[in-house]
Amino acid sequence: MMEPVPAMYLQNVQHMLPPQPQAPPAASDACLTIVHSLMCHRQGAVHGGEDETFAKRAIESLVKKLKEKRDELDALIIAVTMSGRRPSKCVTIQRTLDGRLQVAGKKGFPHVIYARLWRWPDLHKNELKHISVCQYAFDLKCDLVCVNPYHYERVISPAQIPYPLDISGLTIYQTAPPSRLVKDEFVHDCIQVEGESGTHNVERKTGGWDSGYGCNSSLPTVEHLNKNFWDPPSILQHSSMEQRPPSPILRGQLISPEHWCSVQYFELDHKVGETFKVIAQYREVKIDGYVNPSEPNRFCLGQLSNVHRTEASEKARLHVGKGVKLTLSGEGDVWLECQSQHPVFVQSQYLDKEAKRAPGDAVHKIFPGTHLKVFDLHDCYDTIKNKAQKAQSAARAQALAVSGSPEAAHAALQVVGPKAINPESGTLTRDGMAQINAAANIGVDDLRRMCILRLSFVKGWGPDYHRVNIKYTPCWIEIQLHRALQLLDHVLQWTQMYEAGQDH
């Protein structure tokens, strides 16, 4: 029989063990315990002094108000201690007559006070905008006010924009020197365009900087002034972005969708598994070949079964590995990073434009380690709006031509230009009528394709491959971008392209 271990020895061993991480408190714990935990997570904390006293008083006040609403207090604890990584519900307090909250002799708007404590110490009062899931946001003027700091996102104000640099006609704002992700000698190995004219590397110059969209591309520092969300600091480092005038449609007239993208997985022409939706709170999503089924911003393809799986799909899935990471930037721009050890192949109309190719003409081979922009919301919106308006005008010109109206030539001139008109007779030419018919036949599916990205793993497709269509590749994904689709829906209604169908 073993002899008992002396208690003194056990105590010494316990002192030698590393300290165990403390679990976050629960709403049922003492107020002092909860306040201490929440104080540990405040941003820009400086021990001692007036700021620490104010922070403690503000947190104590909030915890006491929420003691009778334990579910909301638990939501606050989860949001703050997990830095918003897990979705949480509204955390509400009663709205005062003037909308402000007084703490330690200071008055301020409640959602701003707590956003400063736990997210942005330098926040100004007019820089917050609530996310779509928030039901009691301050600006909704409800009797209750949500003070969950992760139910708000920061909107940059013009006064905070760093110094502008005017380079070759582009207005670029910079907070740090441009950073290259790959050395110059490897730039040509980063990305290739697969198209009808063969495979070629892409390199583009703007104002003396290497701004090709391969490995040396960088992420944007300053987003559009009318954005709905503020990117975390990791997304904003070492980058630059062209500033464009905000489109009226993007100035908060539409509430951003609850999910920013949907990902569907296919093997050949068979959809496998359920559609994976990423809520707007998560700015990044990873699509990899592993098997974790529970992370809200990670789509693991390895867990998906398919009774019709072919040997080619089985082999290709073995090489997905770490896959790709998609990052939402600003209001709807998307960046892609190839984290796999094998290249991926992307169909992107933004990359087509950057490579000076016709839309849908090229498939872009993205090499491992490359980080590049694959979708631009403003560019997509402008293109959709122009195509929709052109389709509407072309349909009118088409109807006038069929009816033999003398106004048909003038209407066609506005749609396809002077080449559509016979200079001698002033009537429509055959080519002009064909162009009008093509413009008028642009439908919803044509415009919807501009709001999606398609990506295949390991195997490419297109003119330079025996797989002419992505549906012949062994494993691929389609990413639908919800903000872009929302704007497309708005444009379709605005231009009344389908007014006749709506009358029935």
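Trainee: Which residues have the most contacts inside the largest nonpolar core?

Mentor: They are Trp 260, Ile 287, Phe 457 and Leu 481, in a core of 52 residues, where a nonpolar core is a set of buried Ala, Val, Leu, Ile, Met, Phe, Trp, Tyr and Cys residues joined through side-chain atoms within 4.5 Å. Helix H9 (residues 377-402) supplies the largest share of this core, six residues, and a second, separate core of 26 residues includes Ala 55 and Leu 62. This is a predicted model, in which local features need pLDDT of at least 70 and side-chain atom pairs count only at pLDDT 80 or more, while totals for chains, interfaces and linings use all residues. Residues are numbered from 1 along each chain as its sequence is written, and side-chain values use heavy atoms, with hydrogens and water left out.

Trainee: Why is Arg 119 called buried?

Mentor: Buried means under 20% relative accessible area, exposed over 50% and partly exposed in between (1.4 Å probe, protein chains only); Arg 119 has 19% relative accessibility, and therefore counts as buried.

Trainee: What does the side chain of Arg 119 reach at 2.8 Å?

Mentor: The side chain of Arg 119 reaches the backbone oxygen of Tyr 152 at that distance, 2.8 Å.

Trainee: Which residues is Arg 119 in contact with, leaving aside its neighbours within four places in sequence?

Mentor: With contact taken as heavy atoms within 4.5 Å, they are Gln 43, Pro 149, Tyr 150, Tyr 152 and Glu 153.

Trainee: What share of the 504 residues in the protein is buried?

Mentor: Buried residues make up 48% of them.

Key:
Polar contact = N/O pair within 3.5 Å; in protein donor to acceptor, adjacent residues only side chain to side chain. Helix = DSSP H or I, 4+ residues; strand = E, 2+ residues; numbered from the N terminus.
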